[in-house]
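Colleague: Please take a close look at one part of this model, the shell around the ligand. Then follow the helix that matters to that shell into its surroundings.

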Amino acid sequence: MRLANKIAIVIGAGQGPGEGMGNGRATALRFAQEGATVLCVDRELGSAEQTAAMIVAAGGGAVAFAADVTVEATLAACIADAMARWGRIDVLHYNVGVSIAGGDASPTEITEEAFDRIHAINLRGLVMSVKHVLPIMRAQGTGVILAISSAAAWHNYPYVAYKATKAAMIATIQQVAIQNARYGVRANVILPGLMDTPMAVDTRARSTNRSRAEVAAERDAKVPLRGKMGTAWDVANAALFLASDEANFITGVALPVDGGTVINVV
Ligand SMILES: NC(=O)c1ccc[n+]([C@@H]2O[C@H](COP(=O)([O-])OP(=O)(O)OC[C@H]3O[C@@H](n4cnc5c(N)ncnc54)[C@H](O)[C@@H]3O)[C@@H](O)[C@H]2O)c1
């Protein structure tokens, strides 16, 4: 029970259509398995409710909450809801992120609308979540902020909005970490590599009219470690460690969970 008695908010705790498990859902489940009570936040309330129901069915504590990360007021509302229910917030985990589903493209093809949409979801939503949770964590004298960036922030990636916003998330978390260290608040960012999730594999298969198996095989071949994508559980386990007291002296870290992808420099 590495998160016994902790209150966690997972933003993006539902999951998109496709096979298998997404990073956000796996993280919410993992936090709950280790004793946390989880507010499962998502734009798709039904999807967040599914995650919460899975937690409750396994004997854990969870409540679903609808919020759109592009609307600051709904983020403030989810944080206020957690405070009203439980009186404290130990972990804020920001998982929401989009690339091709948001219309991402190369620098010569990107539109203003797509760039602004992806920026609002990936980066502004993180900043606005942090804005509302920090005063609470500072007053508590403790708290953990986690964000899901991407190894794409560091390696070659074809689309510009995802690349730019995921890189900016790392800088944002480092700033939050250093400015809040004296309050006992830790902030760390995870950089998943090629993961076998609905967001990455099923979305690509749909958008390129290829089979899921073909997209999965192409991604597997790019991974140095065992030639196989990681899973949502790999991200969830990294998040669990960083959220737990085992990571008590770790702040401002950008942790790749990528099977060696970012060190594969030739
Ligand atoms: N799968 C990979 O290969 C990979 C690699 C690197 C990074 N990542 C990152 O992992 C995260 C996503 O992981 P996932 O598997 O849980 O994806 P997912 O798409 O299954 O889940 C994301 C959830 O966010 C929700 N969401 C989308 N827009 C929202 C909004 N505006 N407001 C509130 N909720 C919204 C969706 O409804 C969905 O339930 C992203 O940040 C992504 O960039 C994934």
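Modeller: Two helices, α1 (23–33) and α6 (198–208), each supply at least two residues of the shell around the ligand. Helices here are DSSP runs of H or I with at least four residues, strands are E runs of at least two, and both are numbered from the N terminus. This is a predicted model: local features need pLDDT of at least 70, side-chain atom pairs count only at pLDDT 80 or more, and totals for chains, interfaces and linings use all residues. Residues are numbered from 1 along each chain as its sequence is written.

The ligand is surrounded by 29 residues. A residue is near a molecule if its C-beta atom, placed from the backbone, lies within 6 Å of it. The closest are Gly-14, Gly-22, Gly-24, Gly-97 and Ala-200. By class, the shell has twelve nonpolar, 13 polar and four charged residues. Nonpolar means Ala, Val, Leu, Ile, Met, Phe, Trp, Tyr, Cys and Pro; charged means Asp, Glu, Lys and Arg; the others, Gly among them, are polar.

Helix α6 gives the most to this shell, with three residues. Now its partner. The axes of α6 and α7 (residues 212–220) come within 9 Å and cross at roughly 125°. That angle makes α6 oblique to α7. Axes are lines fitted to C-alpha atoms, for helices over the stretch in contact, with angles from 0 to 180 degrees between N-to-C directions. Under 35 degrees is roughly parallel, over 145 roughly antiparallel, 65 to 115 roughly perpendicular, and the rest oblique.

In α6, Val-201, Asp-202, Arg-204 and Ala-205 meet Arg-212, Val-215, Ala-216 and Arg-219 of α7. Contact means C-beta atoms, placed from the backbone, within 7 Å. This contact has four nonpolar, no polar and four charged residues.

Key
Two residues are in contact if their C-beta atoms, placed from the backbone, lie within 7 Å.
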